[in-house]
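Subject: Structure handover

Hello,

Here is the structure I promised you. Please open it next to this email and follow along.

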Amino acid sequence: MRKKKIVAIGNLCIPHQIIFEILKEVPAKSLMRFRCVSKLFCSLISEPLFIEAQKKCSVAQFHVSGSSLTTREHVLKYLNQSCFSELDNLEYIDGLVCLWNDVGEVAIGNPFTKEHVFLPRQIPKEKGYMACCSLGFDPITKKHKVFKAHKRIIHGDQNSCEVTCSIFTIGVDKSWREIPDCPIFSPARYNCVYIGGVIYYVHRLAKLYNLAAFSVGDEKLIRTILSPDEVSTSKFPLKLVEIKGQVALLDRRNFRVDGNIRLYVFNGTGKTETWVKHIIELPSKSIKIDFLPSFNSNPKGEIVLIPDSTSRIFPLFLRDIAKKEWTKVEMHGIYERGLCVSWISLLLNLVESVWSLR
């Protein structure tokens with residue numbers, strides 16, 4: 001019979017599992033203070049099993065409201081530090097943020113633990129490169145990795161490019177490792193998504209846009225997913241999002257024509273793989289038809305409509321696919337680093353985490 005581990009706190013003796021269940025509900029900021037309570041607390045809060053459980057609780061409690069974004073001003077304040085000022089691109093998962101630029105500078109930060117690291121600078125051999133970074137998590141080693149693709153356009157031809165791919169394991173590697181036989185990706189900033197150990201990218205074969213699935217653990221391309229026929233020849237790739245654990249594509253091209261967007265959710269189970277199409281009518285009376293809005297998803301699987309606005313007070317619209325209705329939410333004063341949709345998306349998606357970068 002397995003004995004229950006007992007934790008002594010003063011004159012109290014509390015089962016270890018009870019401590020685990022209580023602490024996983026605690027906000028990240030408080031957990032960082034609790035690490036100083038004892039060596040046992042510090043060890044528990046640093047365990048990957050606990051960190052993943054705490055993150056799941058953060059996702060379950062995640063909600064979007066005016067107050068929730070206002071209280072996240074500390075996230076923007078942290079990322080607005082002068083050391084990050086030259087890094088104008090970002091991606092994010094698990095409460096971690098990856099910031100980078102096209103001249104080889106990459107930083108990883110955790111706004112909730114106030115910890116960040118700058119990765120070794122990898123200077124492109126020639127000018128004219130575009131960099132695309134993304135974060136992934138290896139579920140076996142419990143380590144985060146940064147995947148970076150450098151794309152150089154050859155002779156001004158967008159269909160002809162040279163791509164170099166590298167990877168860096170946070171807390172392990174001392175330098176970038178080049179990935180041999182890198183496939184011809186078409187890196188697009190802010191258009192990749194991480195789901196369950198796999199990073200999904202836009203992948204271009206000839207003139208067709210498809211998806212490439214990159215295994216974080218195996219560090220290689222594991223498959224190519226054909227996009228729906230009606231959008232595979234689109235001039236521009238569609239927006240990649242996650243909808244409740246599934247990769248999906250958001251198509252807004254006909255918004256001005258019929259006021260609708262198309263959502264394609266990939267249903268890949270065993271032998272059958274299909275794209276399920278949803279036509280979603282937008283709340284057009286509440287937004288200006290003159291502007292093309294941006295879309296994303298949040299950790300609860302809701303579609304988020306972000307109207308193009310220069311106001312410090314503006315509405316967001318949330319939609320659950322199952323409920324088939326929009327909810328209007330007003331945001332207040334979150335523009336701190338310029339009028340950039342990617343920064344709004346960061347606030348909408350970043351869940352609290354205590355992952356270490358060491």
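This is a predicted model: local features need pLDDT of at least 70, side-chain atom pairs count only at pLDDT 80 or more; totals for chains, interfaces and linings use all residues.

**Salt bridges**

How many salt bridges are there? The count comes to nine.

Start with Lys 24 and Glu 21. Their side chains form a salt bridge, with 2.9 Å from N to O. Lys 24 has a relative accessible area of 17%. It counts as buried because that value is under 20%. Glu 21 is partly exposed, at 33% relative accessibility.

Next, find Arg 177 and Glu 219. These two side chains also meet in a salt bridge, at 2.8 Å from N to O. The pair links distant parts of the chain, 42 residues apart. Arg 177 sits in strand β10, residues 177-178. Glu 219 sits in the loop between β13 (208-215) and β14 (220-225). Glu 219 is buried, at 19%.

Now go to Lys 244 and Asp 320. Here the salt bridge has an N to O distance of 3.6 Å. Lys 244 counts as exposed because its relative accessibility is 55%, and the cut-off is over 50%. Asp 320 is buried, at 14% relative accessibility.

**A network**

Which residues join up in a network of salt bridges? They are Asp 138, Lys 145, Asp 173, Arg 177 and Glu 219.

**Pro 120**

Last stop: Pro 120. Where does Pro 120 lie? Look in the loop between β6 (115-118) and β7 (129-138). Pro 120 is partly exposed, with a relative accessible area of 29%.

Which residues does Pro 120 touch, leaving out those up to four places away in sequence? Its contacts are Gly 104, Phe 168, Lys 174, Ser 175 and Trp 176. Take Trp 176 from that list. Pro 120 and Trp 176 are 56 residues apart in sequence. In space, their C-alpha atoms are 7.4 Å apart.

Best wishes

Technical notes: Residues are numbered from 1 along each chain as its sequence is written. Side-chain values use heavy atoms; hydrogens and water are left out. A salt bridge is a side-chain nitrogen of Lys or Arg within 4 Å of a carboxyl oxygen of Asp or Glu. Buried means under 20% relative accessible area, exposed over 50%, partly exposed in between (1.4 Å probe, protein chains only). Helices (H or I, at least four residues) and strands (E, at least two) are DSSP runs, numbered from the N terminus. Contact means heavy atoms within 4.5 Å.
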